[in-house]
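The sequence and the structure are shown below.

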Amino acid sequence: MTLKIYGWPVSSCVRRAAHIAKERGIPYEFIQLDKATNVHKGAEYLSHQPFGVVPYINDDGFEMYESRAISRYLVVHPAGRGPAFIPKDLHGLARFEQAVSVETSYFQPQGRDIILALREGYKDLSDPHFGAIVARIEPTLDIYEQILSKQKYLAGDEITLADFFHLPYGNTFVEEGLGLFEKRPNVWRWWQDISSRPAWQAVKVTP
């Protein structure tokens, strides 16, 4: 039975999960839901994803939700091939978990505020309200610049899930012309590296 990913194409979390399936060469079927009808808030959907958000997956009867958890599941899935994107050695694994925690604790919440503001129609960085929201992520990216001046990726010199988790929000930042990555040479080098991967290019618009 083919892995099924439920959600809608514009969801950052759907694209995060679909990207890892594509990286690992795991066949999947994308089941597009009708967000306009609030199907994700209905009883049937909530029986699969009790928080009423996307995505969730069904893998031959096994269901789970949360895109980062799904990603971790997919990198060890027996149908996958190639690298698992999670280090196995003690120190490599520790650095990986550190980088994942940084993304979850700093980049993601600050990035989400930017995404929500963009959805509300803010575009102009000279707008004091929007400018202040965007400015909150600048110190985090300054630290990224320092980290990436010493190593190729956020957890070391091998690409991991910690890097991939940045792709959905980062893609929006670049497409909206916020200039957050471009003015930091090491961050920009890193971004061009991770965002040019064929698997991401294949799912960033339509999972």
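## Burial and the aromatic residues

A residue is called buried when its relative accessible area is under 20%, exposed when that area is over 50%, and partly exposed in between. Trp191, at 4% relative accessibility, is therefore counted as buried. The model discussed here is a predicted one.

Phe181 is likewise buried, with a relative accessible area of 1%. In one of them, Phe107 and Phe173 are tilted, with a centre-to-centre distance of 5.9 Å and an angle of 55° between the planes. Phe107 belongs to helix H4 and Phe173 to helix H8, so this pair ties together parts that are 66 residues apart in sequence. Phe107 and Phe173 are both buried. The rings of Phe181 and Trp191 have centres 5.1 Å apart and planes at 40°, so this pair is tilted. Phe181 sits in the loop between H8 and H9, Trp191 in helix H9, and the two residues are 10 residues apart. One aromatic cluster is formed by Phe107, Tyr144, Phe173, Phe181, Trp190 and Trp191.

## Packing of helix H9

Which residues of H9 are buried? They are Val187, Trp190, Trp191, Ile194 and Ser195. Viewed down the axis of H9, these buried residues fall within an arc of 115°, so they line one face of the helix. The elements against which the buried residues of H9 pack are H6, helix H7 (161-164), H8 and helix H10 (198-203).

Glu182 is placed in the loop between H8 and H9. This residue is partly exposed, at 33% relative accessible area. Neighbours within four places in sequence aside, Glu182 is in contact with Val174 and Trp188. The C-alpha atoms of Glu182 and Gln192 are separated by 9.7 Å, and the two residues are 10 residues apart along the chain.

## Salt bridges

The structure contains nine salt bridges. In one of them, the side chains of Glu97 and Arg72 meet with an N to O distance of 3.0 Å. Glu97 is in helix H4 (residues 90-119) and Arg72 in helix H3 (residues 67-75), so the pair ties together parts that are 25 residues apart in sequence. Both partners have intermediate accessibility: Glu97 is partly exposed at 34%, and Arg72 is partly exposed at 30%.

A further salt bridge joins Arg136 and Asp113, with 3.6 Å from N to O. Arg136 is in the loop between helix H5 (128-135) and helix H6 (138-148), whereas Asp113 is in helix H4, so the pair ties together parts that are 23 residues apart in sequence. Arg136 is partly exposed at 44% relative accessibility, and Asp113 is partly exposed at 34%.

Glu138 and Lys183 also form a salt bridge, their closest N and O atoms being 3.0 Å apart. This pair links distant parts of the chain, with Glu138 in helix H6 and Lys183 in the loop between helix H8 (167-175) and helix H9 (185-195), 45 residues apart. Are the two partners buried or exposed? Glu138 is buried, with a relative accessible area of 18%, while Lys183 is exposed at 52%. Glu138 and Lys183 also belong to a network of salt bridges that links them with Asp142 and Arg184.

## Backbone geometry

Most residues other than glycine have a negative phi, and most peptide bonds are trans.

The peptide bond from Val54 to Pro55 is cis, with omega near 5°. Pro55 is located in the loop between helix H2 (43-46) and strand S3 (56-59). Asp60, although not a glycine, has a positive phi of about 55°. Asp60 lies in the loop between S3 and strand S4 (62-65) and is exposed, with a relative accessible area of 56%. Glu66, also not a glycine, has a positive phi of about 85°. Glu66 is in the loop between S4 and H3 and is partly exposed, with a relative accessible area of 43%.

Methods
Residues numbered from 1 in each chain as written. Predicted model: local features only at pLDDT ≥ 70, side-chain atom pairs only at ≥ 80, totals over all residues. Heavy atoms only, no water. Salt bridge = Lys/Arg side-chain N within 4 Å of Asp/Glu carboxyl O. Helix = DSSP H or I, 4+ residues; strand = E, 2+ residues; numbered from the N terminus. Buried < 20%, exposed > 50% of the residue type's maximum accessible area, 1.4 Å probe, protein only. Phe/Tyr/Trp six-rings, centres within 6.5 Å; stacked < 30°, edge-to-face > 60°. Arc of directions from axis to C-beta. Contact = heavy atoms within 4.5 Å.
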